[in-house]
Amino acid sequence: MSDRQISQHFETLAIHAGNTADPLTGAVVPPIYQVSTYKQDGVGGLRGGYEYSRSANPTRTALEENLAALEGGRRGLAFASGLAAEDCLLRTLLSPGDHVVIPNDAYGGTFRLFSKVVSRWGVEWSVADTSNPAAVRAALTPKTKVVWVETPSNPLLGITDIAAVAQVARDAGAKLVVDNTFATPYLQQPLALGADAVVHSLTKYMGGHSDVVGGALIVNDQALGEELAFHQNAMGAVAGPFDSWLVLRGTKTLSVRMDRHCENAARVAEMLTRHARVTRVLYPGLPEHPGHEIAAKQMKAFGGMVSFQVDGGEEAAVEVCNRAKVFTLGESLGGVESLIEHPGRMTHASAAGSALEVPADLVRISVGIENIDDLLEDLQQALA
């Protein structure tokens, strides 16, 4: 933080939290401390708490303070990727024999982590429709330690009532983890709604420019934060200084970017609902979306992600992706440029044959901040 009391409004925190002016030069942007080790003031005398950049780095510290402030948490931790953050969290919270409830709609990489990696460690998992708190309760076992939620979910844009599921988890003595990547802390703050931990792929909206890979964990419980920090250091998948600097740059403009993402996505979703070749539009901002009322209650706006299904099945969906011109065919999301993909063959291929398998006729788009008329025209010609 700066040396003066600042407003707690999000837009101000995004620019000032963690961004203390450099004490040597007065630089208003934290320097990139591209360094591995630090001169100590005598044996065991760490200058400013720094000894080795896997354990701590000033640029990463600035980002972690910024992330904690934006999510309303007490401790933020930055990692080399979103999956590295998830791995650290799971290995901190779980032991062999424990059980996790995972959503029936989730990022393919998260599903792969549970189904191919964590399960080999002796952790059991089961799937539930997290949009239904009763279904989550029914999936709990005496061994359940974690309930995992994405809201909005990837790629079907499902909505979970965070406060309701937090109560279900709390009653069972389990921790609620919310992946807040799609919403970002600008639109939604899960910790304030009862979540125990928030996960981010910083690669997406937080970085915002498709030029960095990173992940984050934010928690309110100080003891849990210390445990996570221990595992972060012990396991070593930390965010590098330049990557931390890039994300810190991105968070400063998060609010203005998200405003445009949301505005454009709403226009795109409305157009798609009227297109003859589109059989279903998945966007929580639409009144007919089953999670619309909950999303309106717990989100500031409805996000920049839209999914839709097309008449003609899988090949038709693939053709739409290939015909797009302004929308770039590619994985990932949340950058200033618009992206389009076929989840079944791309980001969610690892979920094929499972309870998380996505519809073959599904197209997912990350609506960027370009001129809306150009985006609408491009989708119309891709669907022609």
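Mentor: I will begin with the helices and then turn to individual residues.

This is a predicted model, in which local features need pLDDT of at least 70 and side-chain atom pairs count only at pLDDT 80 or more, while totals for chains, interfaces and linings use all residues. Residues are numbered from 1 along each chain as its sequence is written, and side-chain values use heavy atoms, with hydrogens and water left out.

Start with helix α3, residues 82–93, which packs with helix α8, residues 222–235, at an angle of about 120 degrees, the two axes being 9 Å apart. Helices here are DSSP runs of H or I with at least four residues, strands are runs of E with at least two, and both are numbered from the N terminus. The axes are lines fitted to C-alpha atoms, for helices over the stretch in contact, and the angles run from 0 to 180 degrees between N-to-C directions. At that angle α3 is oblique to α8, since angles under 35 degrees count as roughly parallel, over 145 as roughly antiparallel, 65 to 115 as roughly perpendicular and the rest as oblique. On the α3 side, the contact (heavy atoms within 4.5 Å) is made by Asp87, Cys88, Leu89, Arg91, Thr92 and Leu93, and on the α8 side by Leu224, Glu227, Leu228, His231, Gln232 and Met235.

Helix α3 also has a part in the surroundings of helix α4, residues 108–117: the buried residues of α4 pack against α3 and against the strands β2 (99–103), β3 (124–128) and β4 (144–150). Seven of the 10 residues of α4 are buried, so this helix is largely enclosed by the rest of the structure; buried means under 20% relative accessible area, exposed over 50% and partly exposed in between, with a 1.4 Å probe and protein chains only. Those buried residues are Gly108, Gly109, Thr110, Phe111, Leu113, Phe114 and Ser115.

A further helix pair is formed by α10, residues 254–273, and α13, residues 372–383, whose axes come within 10 Å and cross at roughly 30 degrees. This angle makes α10 roughly parallel to α13. From α10 the contact takes in Asn264, Arg267, Val268, Met271 and Leu272, and from α13 it takes in Ile372, Asp373, Leu375, Leu376, Leu379, Gln380 and Leu383.

Next, look at the loop that runs between β4 and α6 (162–171), in which Pro152 has its place. The peptide bond leading from Thr151 to Pro152 is cis, with omega near -10 degrees. Pro155 lies in the loop between β4 and α6 too, and the peptide bond from Asn154 to Pro155 is likewise cis, with omega near 15 degrees. Leu157, also found in the loop between β4 and α6, has a phi near 55 degrees, which is a positive value in a residue other than glycine. As background, most residues other than glycine have a negative phi, and most peptide bonds are trans. Leu157 counts as buried because its relative accessibility is 1%.

In the loop between β6 (197–201) and β7 (215–219) you will find Thr203, and Ser210 lies in the loop between β6 and β7 as well. Ser210 is not a glycine, yet its phi is positive, at about 55 degrees, and at 45% relative accessibility Ser210 is partly exposed. Thr203, by contrast, is buried, with a relative accessible area of 15%. Not counting residues up to four places away in sequence, Thr203 touches Gly208, Val212, Val213, Gly214, Ser332 and Leu333.

Residues up to four places away in sequence being left out, Leu187 touches Met258, Cys262, Gln298, Met299, Lys300, Ala301 and Gly303. Tyr50 sits in the loop between α1 (10–16) and α2 (58–71), and at 16% relative accessibility Tyr50 counts as buried. Once its neighbours within four places in sequence are set aside, Tyr50 is in contact with Tyr38, Ala56, Asn57, Pro58 and Thr61.
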